[in-house]
Amino acid sequence: MGSEATCKVRFGKQESEGKVLLETNEVLFRGDFRLKIPFSNIKSAKTVNGELRLQTADGLAVFQLGPTAAKWCEKILHPKSRIEKLGVKPGAKLALIGEFEAEFLREVGDLTKSVTKGKAALDSEHIFLAVESKEGLSTLSKITKAMSGAAALWIVYPKGQKHITENDVLATGRKVGFKDVKVVGFSATHTALKFVIPLDKR
């Protein structure tokens with residue numbers, strides 16, 4: 001979903017090599033010890049000689065990332081908005097199918113007035129399908145008939161659940177002929193997977 005790297009990390013008296021993940025709104029480290037640092041807990045972020053230094057309420061975390069440290073620091077200090085990550089431009093034609101949180105509806109309303117709800121209009125540039133279970137994916141075959149050209153289908157589903165997983169969403173999308181191209185952290189509880197019509201089928 002985000003960026004990842006293998007590097008040495010210091011936190012207090014602990015030091016370990018491991019994998020660091022820069023997610024949408026947190027930094028995760030898995031090595032001899034583990035760290036989970038939400039952006040909201042970071043008091044300051046800076047780079048010094050290839051080290052990303054994050055001052056948190058619990059102490060200083062130092063990631064020896066080398067040349068990528070500056071890029072990671074920029075992403076932490078200036079995270080993209082959800083709409084920017086989804087690549088939706090002002091005035092875009094959207095279709096919303098399913099139940100979405102009020103915050104997302106507000107973001108969409110601020111961006112465009114061209115929104116169809118409950119079905120996919122034939123000229124939709126982005127179609128958002130919210131599902132809470134595998135059963136919700138059954139509408140995909142109907143949506144395929146409304147998609148054309150470079151239109152994008154975003155399937156928004158709960159993260160970390162057993163009754164609907166990323167593999168379930170990927171398998172269903174591929175089965176109806178779509179190509180998965182991107183995954184975005186939609187919210188604290190949901191993930192969005194982007195599908196498009198393969199180039200040779202447009």
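1. In this predicted model, the lining of the second largest pocket is made up, by class, of six nonpolar, four polar and six charged residues. The volume of the second largest pocket is about 290 Å³, and of the 16 residues that line it, those closest to its centre are Glu23, Thr24, Asn25, Lys159 and Gly185. Strand 3 (26-30) and helix 2 are the elements that each give two or more residues to this lining.

2. His190 deserves a separate look, and its place is in strand 13, which covers residues 190-196. The relative accessibility of His190 is 16%, and because buried means under 20%, His190 counts as buried. Once its neighbours within four places in sequence are left aside, His190 is in contact with Glu132, Val156, Tyr157, Pro158, Lys159 and Gly185. With one of these, Glu132, the side chain of His190 makes a polar contact of 2.9 Å.

3. Helix 3, residues 102-111, has Phe104, Glu107, Val108 and Leu111 as its buried residues. Seen down the axis of helix 3, these buried residues fall within an arc of 95°, and they therefore line one face of the helix. As a general point, an α-helix has 3.6 residues a turn, so residues three or four places apart point the same way.

Note on methods:
Residues are numbered from 1 along each chain as its sequence is written. This is a predicted model: local features need pLDDT of at least 70, side-chain atom pairs count only at pLDDT 80 or more; totals for chains, interfaces and linings use all residues. Side-chain values use heavy atoms; hydrogens and water are left out. Buried means under 20% relative accessible area, exposed over 50%, partly exposed in between (1.4 Å probe, protein chains only). Helices (H or I, at least four residues) and strands (E, at least two) are DSSP runs, numbered from the N terminus. The arc is that of the directions from the helix axis to the C-beta atoms. On a 1 Å grid over the protein atoms alone, a cavity is a set of points where a 1.4 Å probe fits but cannot get out, and a pocket is an open set with protein on both sides within 12 Å along at least five of seven lines; lining residues have an atom within 4 Å of a point. Grid points are joined across faces, edges and corners, and a volume is the space filled by probe spheres set on the points. Ala, Val, Leu, Ile, Met, Phe, Trp, Tyr, Cys and Pro count as nonpolar, Asp, Glu, Lys and Arg as charged, and the others, Gly among them, as polar. A polar contact is a pair of N or O atoms within 3.5 Å; within protein, one must be able to donate a hydrogen and the other to accept it, and residues adjacent in sequence count only if both atoms are side-chain atoms. Contact means heavy atoms within 4.5 Å.
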